[in-house]
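Dear colleague,

I am passing on the structure below, and my notes on it follow directly after.

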Amino acid sequence: MGNALRFLYGECCSKPTTGGGGNWGNQQQSHGYHGVPTTTAGVSALARDIHHFQMTSQVPEGLSKHVVSSKKAQSNWYNKLSEAWGQSKPPPNSPEDVSRLVVNTLKNHKKADVEGLLSFYGLPLPHSLVEGNAGQAPAVPNGVKFELNTLPVDAKAVADGDTVTVYVSTLDPREAACIPRDVQVAAVERVKARAQRNYTKADALQKQITDAGYRMLNIQNEEILARKYRIRLRGIDAPESSMPYGKEAKEELTNMVVGKPLRVLIYDEDRYGRCVGDIYCNGAFVQERMLKKGLAWHYVAYDKRPELQKWEKDARAKRIGLWASAHPEMPWEYRKNRRDKR
């Protein structure tokens, strides 16, 4: 059973253990308390325990060894942390960010309790946090609602030159805190069904998981539960598949992203339920490459960034890609004309 499903099995079939991070009793030491170095495992562990608390109102049993207040008080902390985590935009992702969230949320509580809670998860203590300098650039640009760090992209995931489907592991801190209960149960039951070679039941459970917007993926021989996101590249409009250069645009995007994990900054959601965002692959800005190769228009009606306008203008001047044609049809006009003919 892979790590993701060990977690799910622990979440659904057993109560929190006495180890740091509550629900992975067989991996206590990886969570960083008792002198083990801080890692991102503590972030995931806290996210899982918050989610477990939301479902069961139970706090991790081992926490009482690290704090001085009662379990009733501990429940109050997890209520506050659950609310604060849900309201964070974007959600905390690094150990330092999570520590700041805990410290700020529980600032009126006992110092021993706050530091004990942080130690339990192997998170940085208040005195070790370094505040940013005045005027320092934000970790993410203004307007970003949340950030996705995806699993490697599948070859079939690219719909066209400006749309791609991605999956994010539910071990990601943001995802770990909000997995639907029925999806967790279905994932665990599917593992059991496959172990019993009951493939009819396993397939039915896979469909239940898929219908809920998740999917079981095999990554390096590990079964991983992942959440599905459809991404519309922000600020560009590529030719439709049936338009000139539509095939080339899709191929270019495919070659860029397939087999690679992506960083996606989400700004909005469109009327089709797709997340609108900027995509980075190995540090390269995907929209920039599409515009410079003449395989997309700057979608100026929805995005006013001057750099996008410049990249399109440069490609026009060089007559690259679709700009080899004197009067290429604009994708939004193409779609409008097709709607009008129906």
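Once its neighbours within four places in sequence are set aside, Gln74 is in contact (heavy atoms within 4.5 Å) with Val59, Leu63, Ser64, Val67 and Ser69. Gln74 belongs to helix α3, residues 71-87, where helices are DSSP runs of H or I with at least four residues, numbered from the N terminus. Its relative accessibility is 0%, so Gln74 counts as buried; buried means under 20% relative accessible area, exposed over 50%, and partly exposed in between, with a 1.4 Å probe and protein chains only.

Please keep in mind that this is a predicted model, in which local features need pLDDT of at least 70 and side-chain atom pairs count only at pLDDT 80 or more, while totals for chains, interfaces and linings use all residues. Residues are numbered from 1 along each chain as its sequence is written, and side-chain values use heavy atoms, with hydrogens and water left out.

Turning to charged pairs, a salt bridge is a side-chain nitrogen of Lys or Arg within 4 Å of a carboxyl oxygen of Asp or Glu, and the count by this rule is 24. One of them joins Glu189 and Lys201, at 3.9 Å from N to O; because Glu189 lies in helix α7 (residues 181-195) and Lys201 in helix α8 (residues 199-211), this pair ties together parts twelve residues apart in sequence. Asp303 and Arg305 form another, with their closest N and O atoms 2.9 Å apart, and both of these residues are buried.

Best regards

Notes. Helices (H or I, at least four residues) and strands (E, at least two) are DSSP runs, numbered from the N terminus.
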